[in-house]
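Try each task yourself before you read its solution.

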Amino acid sequence: MRRPGSRLTHALLTLGAIGMVAPFVWQFLTSLKTLPHATHVPPTLVPDGRWSNYSQIFDLLPFGEQFLNTLVMTAARSLGQVIFCAMAAYAFARLRFPGRTFLFGLFLSVLMVPPQLFIIPQYEIISKLGWLNSLPALIVPGLFSAFGTFLLRQFFLGLPAELDEAARLDGANPLRIWWSVMMPLARPGLVALGILTTIWSWNDFFWPLVVNNDPEKMTLSAGLASLQGQFMTDYPVLMAGSLLASLPVIAVFVVMQRQFVQGIAFTGTKG
């Protein structure tokens, strides 16, 4: 027999789950309505069955090109952060060199600076390199993350020090130890960082909107934002496009959620 506390916990979790799913249900229902029906007051739940909204999004936007741009940007950023952050995290966690603590403090200080402050200098660099309206403009600024370095450093600190000693006795250098010993053991943390970076990159809006104004070079987030007019917005079509854009990242999280939770839990085992 379940205890009253257990029933209350399940009831709260159920309410939380409903609250999380409700926006997606409303988004789907709105995507099947006409514009007058979607803006009706009071709102109605029954959709019109207007599936043509999903085909109309391909007429209003170069949806395929924007989807490919978003996919390439997300994959490149995720792979880059996993590799570069893992290298930096391993150095801060396992190697001994002068100024290590001070340098790590500088890395963490970046987390206290609002990312909007980097927009202008990053834009100037991208502009002088001639990368505006290109994939490198979307990818390069997101290849590294101070948060990712901190996350993986916590994971590497939790691994036994005897692993490094045994590898050194076998003649392995630090790069070989990092690649052959530490990286396989850090898989849960790497997966967690990869999922976080994937979600963040897929939803990134402000930076792609700033550097790429050509519709065929935009990402999905920036392209969908262009559908919002000053005086009128076709909300059913916008909801249809947003739903199509959110499906891949939802699928990634559903498939990898166990590894994600495991990686987040393991990163806090040792400070």
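Predicted model: local features only at pLDDT ≥ 70, side-chain atom pairs only at ≥ 80, totals over all residues.

Residues are numbered from 1 along each chain as its sequence is written, and side-chain values use heavy atoms, with hydrogens and water left out.

**Exercise 1.** Work out how many helices and strands the chain has.

Step 1: Helices (H or I, at least four residues) and strands (E, at least two) are DSSP runs, numbered from the N terminus.
Step 2: Going through the chain gives 14 helices and zero strands.
Step 3: For the overall dimensions, the C-alpha atoms fill a box of roughly 70 × 70 × 30 Å along the principal axes.

**Exercise 2.** Find the salt bridges and say where their partners sit.

Step 1: Look for a side-chain nitrogen of Lys or Arg within 4 Å of a carboxyl oxygen of Asp or Glu.
Step 2: One joins aspartate 204 to arginine 77, with the closest N and O atoms 3.0 Å apart. This pair links distant parts of the chain, 127 residues apart: aspartate 204 is in the loop between α11 (187–203) and α12 (206–211), and arginine 77 is in helix α4.
Step 3: Aspartate 164 and arginine 94 also meet in a salt bridge, at 2.4 Å from N to O. Here helix α9 supplies aspartate 164 and helix α4 supplies arginine 94, 70 residues apart.

**Exercise 3.** Decide whether aspartate 164, arginine 94 and isoleucine 83 are buried, partly exposed or exposed.

Step 1: The cut-offs for relative accessible area are under 20% for buried, over 50% for exposed, and partly exposed in between (1.4 Å probe, protein chains only).
Step 2: Aspartate 164 has 4%, so it's buried.
Step 3: Arginine 94 has 11%, so it's buried.
Step 4: Isoleucine 83 has 33%, so it's partly exposed. You'll find isoleucine 83 in helix α4.

**Exercise 4.** Describe how helix α9 and helix α10 pass each other.

Step 1: Two packed helices are described by the angle between their axes and the distance between the axes. Axes are lines fitted to C-alpha atoms, for helices over the stretch in contact, and angles run from 0 to 180 degrees between N-to-C directions.
Step 2: The axes of α9 (residues 162–169) and α10 (residues 174–185) come within 11 Å and cross at roughly 150 degrees.
Step 3: That makes α9 roughly antiparallel to α10 (angles under 35 degrees count as roughly parallel, over 145 as roughly antiparallel, 65 to 115 as roughly perpendicular and the rest as oblique).
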